[in-house]
Amino acid sequence: MSIRVRYAPSPTGEPHVGNLRSALFNWLLARRHGGRFIVRIEDTDQSRKVEGSVAQTLDALRWLGLDWDEGPEAGGAFGPYYQSQRLDRYHEAADRLLAACAAYTCTCTPQRLADLRKAQQKRKQPPGYDGRCRKLSPEERAQEREAAGAHVVRFAMPEAGETLVEDAVRGQVRFENPLLDDFVILKSDGFPTYHLANVVDDAAMEISHVLRAEEWLPSTPRHLQLYRALALRPPIFAHLPIILGADGGKLSKRHGATSVAHYRAEGYLPEAMLNFMALLGWSLDDKTTYLSREELVAGFALKRVGKTGATFDLDRLEAMNGHYVRALAPDQFAERLRPWLEDGLPPSVVRPLDGARLRAIGPLVQERIKRLTEVVDLTDFFFLEEPLSYRNKDLMGKGFRDNPSGALHALETTRATLAPLSTWDAGAIESALRALAERLELKPGHLFTPIRVAATGKTAAPPLFETLALIGRTQTVQRLDAAAGRLARPDD
């Protein structure tokens, strides 16, 4: 069988984790078997359409490296790939169903349907259409259409028996047909519902497998009945496990941001996000955590997709991201830092940033970073020409608490020690400062704190000796002088 799968987002906002997890599983199945991955935009619900949503979705796919073979921008033999441009196909299908008495027109008003729901709730009955218009004769339906004008088309579900869903993840699932109401397939505005459009397009685009979220499983018997009524071959269905928040509930905005764009903006790497999402309901085995894109493709199989919900663990994602940050080669890491620094540093810093300097800074911070958003705060002092901002309290640290004169003496002797060094590198700086601490009878940490704050403006910074070496002799001496001057003034 030729594998053809699709990712069919609705343009109703930023793509969220669950949505793109489905895209990833479809992409993996296609790439694993040399198939085709198709993007189709399901924009038939015009009232919920959000401007820019399609661009955000395609951008998220590109960021994750999920290339598509057919769809927007790529084209393909089965287009158009926007459902709003395929209305004639849905109307043709609806007409076929009407002619075969597998569907009927319904003129029930929104008020009647609302009253029906209230009455069903009061009687503690499951909600659903009561089939009023189905019971009318064709002549009566025609008269009501003429009088009402607006109408929808409903599919006539079998009133007895059951529908069996063969699911590649969950096995056989049975649905009692009498419990499934006659659902709308064509709305009064002429646009199809999800049910009709999906069935028509999946058949027309020769989709072999439909991998989608578990929440769509209850819709599958309806879709299978549509396939039968239209004499179309259904695809293989696989319903993916629900993604849960830390509290065990379905992942939603109340658990924090679920948009993939948010995690991108927070400095997560696409390779980490891809690895993390792949493990939300699938695993290679019971021990492997870190998998490259190539390993994910080689190992993906539907039989390894789980049935139970998968928990979105933000701590796990952050730890995984840190792993991938540390795994970057020095040149790669430097280039990943560039956009964050160029965007986050003050306007006074000259752009573009020097590549050699970025490569020198990288090793000092790579082991400390879990997310790329942290890099500006960790390294901005390497680029700043203006005076650094810090408090005298930080400058003195624990070793010189309430002793500004002691801190001042330490800074002055440090300046006198470092300024004339014949060699300016980390080794020479370390030897000089450790000897100075011994001479001043100070613990090394007590001496190094005011030096660190003076040179970087921070109480926590990359390794001191390498940092001073990279800052340079001239700027280090200037900053020591500035810190000594600060100690003569109280904090603002």
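Analyst: The expected span of a helix is 1.5 Å times one less than its number of residues. Keep in mind that this is a predicted model.

Start with helix H18, residues 444-456. H18 has 13 residues, so at 1.5 Å a residue it should span 18 Å. Its end C-alpha atoms are 18 Å apart, which agrees with that expectation.

Next, the burial of H18. Leu447 and Phe448 are buried, and so is the run Pro450, Ile451, Arg452, Val453, Ala454, Ala455 and Thr456. What lies over these buried residues? The cover includes helices H15 (392-396), H16 (404-418) and H17 (426-439). Helices H19 (464-471) and H20 (473-486) also contribute to that cover. Just after H18 comes glycine 457, with a positive phi of about 80°.

In general, strands of a sheet pair through backbone hydrogen bonds.

Look at the E3 side of the sheet. Four bridges link E3 to strand E4, residues 152-155. In one of the pairs, tyrosine 104 has arginine 154 of E4 as its bridge partner.

Alanine 103 also belongs to E3. Is alanine 103 buried or exposed? Its relative accessibility is 6%, under the 20% cut-off, so alanine 103 counts as buried. Beyond four places in sequence, alanine 103 touches Leu97, Leu98, Val153, Arg154, Phe155, Ala156 and Ile185. The C-alpha atom of alanine 103 is separated by 8.5 Å from that of methionine 157, although the two are 54 residues apart along the chain.

Last, the cysteines. How many disulfides does the structure hold? It holds zero. Cysteine 101 is in none; its nearest cysteine sulfur, on cysteine 133, is 15 Å away. Cysteine 133 is in no disulfide either, with the sulfur of cysteine 106 nearest, at 3.7 Å. A disulfide requires two cysteine sulfur atoms within 2.5 Å. Cysteine 101 has a relative accessible area of 66%, so cysteine 101 is exposed. Cysteine 133 is at 1% relative accessibility, so cysteine 133 counts as buried.

Definitions and conventions: Residues are numbered from 1 along each chain as its sequence is written. This is a predicted model: local features need pLDDT of at least 70, side-chain atom pairs count only at pLDDT 80 or more; totals for chains, interfaces and linings use all residues. Side-chain values use heavy atoms; hydrogens and water are left out. Buried means under 20% relative accessible area, exposed over 50%, partly exposed in between (1.4 Å probe, protein chains only). Two strands pair if DSSP finds at least two bridges between them. Helices (H or I, at least four residues) and strands (E, at least two) are DSSP runs, numbered from the N terminus. Contact means heavy atoms within 4.5 Å.
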